[in-house]
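Subject: Structure handover

Hello,

Here is the structure I promised you. My notes follow below it.

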Amino acid sequence: MTENREPNKRQPFHRVRRSASTALALGLAAGLLTALTPAPAQAADRGGWTAKVRRTEFGVPHVVAQDFGGLGYGYGYAFAEDNLCQLADQVVTVRGERSRWFGPDGRSVDRLGNLESDTYQLSVLRSGTVRRLLARPAPLGPTGEVRQLVDGYVAGYNRYLRDTGADRLPDPSCRGKGWVGPITADDLWNILYDVNTLAGTAKRSTATAVPGGAAVATAAAPSPPSWVRRAADSPGTGSNAWAIGRDAGRDGNGLLLANPHLEWVGAERFYQAQLTIPGVLDVAGAGLYGLPFIQIGHTRGLAWTHTTSYADHLTAYRLSLVPGDPTAYVVDGRTERMVAETVPVTVRAADGTLSTVDRTVYRSRHGHVLAEGWTGEYAYTLRDANADNLRSLNEWVAMGRSQNLDQLRQAQRTYQGAPWVYTTAVDSSGTAYFTDSSAVPRVSDELRARCLVPDSLTDSVLDGSTTACDPGGDPDALVPGVFGPGDHPELTRTDYVANANNGPYLTNADAPIAGLPAVYNGGPELASRPQLSLRMIADRRAGTDGLGAPGFTLASLQAAMFGNRVQSAELDRDDAVALCRAHPVITASDGSGVDVRAACDALAAWNTRADADSRGTVLWLEYRDALAGTGTTAWQTVPYDPARPLTTPRGIAADHPDAQRAFADAVRGLAARGLPVDAPIGLVQRWAGVPLHGCAGQHGCFNVLTARADSGSGGGTYPADVLSVPHGASFLMATELTDRGPRTRTLLTYGQSADPTSPHFTDQTRRYARKQWVTERFTEAEIRSAPGLTVTVLRR
C-alpha cells in the first residue's frame, strides 16, 4: 500500500451508486415494507405471546419466538433478569422524574444535574413530538412488527418484575425502591428518541436558557456558545470498524471487526443476545440498554457494525432579536415569536417533602433556544437533523433480516433511520461496504459560505434571519432538510473498508473519497488512532506485523485487535528517549530540577504497547498529555504531509524547551501520584479490581480503554464523579462469513449484567484481561451443546 493515491472524484451531491437494477431495488423496497406492515390479526395482538429463552455461557440469551411480539417478550424478560435496575433508571430519566426521586442536585447518566435533565425531558414529553411520530405510518412511523416488538419487550420486563417483586430484586441498587415499577411502550419509544437525538441536542443549555440571560454591556456581538463543535471534538465518542473483503482475507472470505467505544456505565452499555423467528429472522449481536433489538451484529450472510459519524448532525443558527423583546426574532423581515413551554418539575427535598419548580424552555422555528449567547440582540438555536427520527428501529430490524449488502442498502434507503452513525459491513460474497447514511442536514458548501455569520466560530453558525439559509432538500429523502440516499458517502470494495472515527475521506487508504461537502467532515488529515488503524490493515496484508502469513484470518483479526499498538509511541518514542538521554536533568514548570535518567531507561526498555503489564506505558501517556498541555506543536519536527497521511505529523525536537519541560512535568506527575516511572497501565486502570489493557484514543491507541484504579468497585452504577466513568472497548465481535455459515468470536468487556452481585458482572472482564474471546453459539447444534444450558419457556 502507498500513502498517496488519486482521490475518487465525485460530482457534489450527485453520485449514482447502484449495485442492483432499478426493478430489483423497487422489489426489495416493496418486500421490506410488506414484510414490516402489521397483519390484521396477529397472535401478538391478542396477547398470546410465547418465547423460549435459552442461555449459554456467560449468560448470553438466545430468544426464539414465532412472532415479533413473542420475540420482544422473551428479550425483555431476559434483559430484566440481568439489568432491570438500569432500565428502570433510564425510564425515570425520560419521564423527567429524577428530581422527584433523587433530588434536584444529583446527576443523571448524561452528566446533567437532575433538575436540568428533568426540565429537558419534560419539555420533550409536553411537546408531543414522540406521539406525533408514533401516529405516522411506516416508513416514517414504526412498522407493525416493530410496534409488536416494543409491546412484547415491555410486557416481558413487566412480567419479570411482577414475578420477582421489587422487594426481592437481586440488584441492591434498586431493590425495594419506590421508583421501580412497571414500564410502558411510551417509555421505550422515548428512550429510542433520546438515543436518536443524542448528537443534535444541548440538553443543559436548553434547560437553563433565560431570555437575555447572557446580555453583555458592550455592543460587540458575543462569541457563539461552546456547544458549537463537531462531533470529532467531543470527548468520549469513538469506535473501530473493519470490513475485510475477499481480496484481503487469506481464505477469500469476508470478515468484520466490530469494536465500539462507549461508556461502561449507564445507558450506553451493550447487551448481547441472539434473536430468532424461524424462517423470518435470525440475528446475533448486541444492542444498547433500553432498545429492544440488535444494533451491531450478523446474520448468516451479513455482518455489520457502527461507528460514530463525524458529520454535523445539527445546524446552529443565530437569531436576530426584535429590539426590546428577547423572545421575538426576525425572519425574512417578519417577526416570529419563540414558543415558551413552562414545565412543572417535581422536586424532592432532603427531608423527603415534594414541591414543584416551574422551568421554562424556549423554541424557535429551528428548535430549542440555548442559554449561551442569548443577549438583547441575538440568541442561538439548534436544528437537529434527527428531530423527527423514530425510524431507526425500523431500519435495525430490516438490517437484522438482511443476508447481503443489497438488502442492507435497501433497508437503509427505505427507512433512512441511522441517527448519527456510520455503517461498515461485509457479506458472504466477500464484498466490503461503508456508508454514512445518517441524518445529515443538507447544508451545501455554497449555502454555508453564504450564510455564515461574522462570529468568532465562523465555520459553525448560520444566519437565522432568512429562510434562504434553511437546509435544502433532496427528492429521495424521506424528510425535508437532510441529504437523501443518493448523496450519502459510500464505498464498496473487495479488499477492505475501515473507520476509526475519521471522516469518510480515507475509508480505504488506496481509494480516498473526495468531493464531499464540509458538513460531512471529509477532510484528509487523520488523528493518530485512524492512522494506526489503516497502518495495521496494511501491515496485516503485507504480513509484517508478526501475526503470520499475509492476509486476514479470524485468528489474526482477533490478535490484531489485542495487539495494543500505540501510534504515538511507534512514531515518537525514540525521539523522546534521545531527548532525555541528552538532558538527564530537566527544569520542570515549577522551576525545580528533575532527574529523568530512571524514567529515560524505563521508556527505552518499553515495548511501545498498551498491554496491562507493559512497563513504561503510564509514563508515555503522562508525557503525551503534558505535550498536549503546552498548547503548541512547535516541538514537533515533521508537519502533516498529505503525501504521508498515515505517518505525519510526527517527531519530537530534543532541543525544544516545551518538549523538555513536558518530560520533566510527566516524571514529577507520576511521583506525585506515588507511581513508579515504569508503571504498567494495568496498575492504574481496573474494573472491579481486574487490570485492563488498552489506553486513550488521543494517544493513538487502537484498543481504546480508559478507567481508574477503582472503577467498578461500586458496581455498575454511576460514581459520584461522573467524569471518571470508564470508556472504551465494550462489545467486541470478530466474524468470518464462510460458505458453511458465520464463525464468530465475541467479548462483552463488562459482562451481561451491571449488578455487582451477578456472576456475569466481571466474568467477561476477566477474559478481556487475559485477551481471551468467547466462541459464539449461533446454530441450533451449537446452542444445544452448550455446557450448563438453561431453558425458560414464557407464555402470556
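The chain exposes about 28,400 Å², and carbon and sulfur atoms supply 51% of that area (Shrake-Rupley method, 1.4 Å probe; for residues, only the protein chains shown count as cover). This is a predicted model, where local features need pLDDT of at least 70, side-chain atom pairs count only at pLDDT 80 or more, and totals for chains, interfaces and linings use all residues. Residues are numbered from 1 along each chain as its sequence is written, and side-chain values use heavy atoms, with hydrogens and water left out.

Of the 796 residues, 61% count as buried (under 20% relative accessible area, 1.4 Å probe, protein chains only). The chain has 20 helices and 29 strands (DSSP runs: H or I, at least four residues; E, at least two; numbered from the N terminus).

The largest nonpolar core has 141 residues (buried Ala, Val, Leu, Ile, Met, Phe, Trp, Tyr and Cys joined through side-chain atoms within 4.5 Å). Helix α2, residues 68-94, gives the most to this core, with 15 residues. W189 is among the residues with the most contacts inside the core. Beyond its neighbours within four places in sequence, W189 is in contact (heavy atoms within 4.5 Å) with residues including V130, P142 and L393. A second, separate core has 36 residues, V566 and V618 among them.

Last, helix α17, residues 657-672. Its buried residues include F663, V667 and L670. They pack against α14, β20, β21, α15 and α16. Just after α17, G674 takes a positive phi of about 75°.

Best wishes

Definitions and conventions: Buried < 20%, exposed > 50% of the residue type's maximum accessible area, 1.4 Å probe, protein only.
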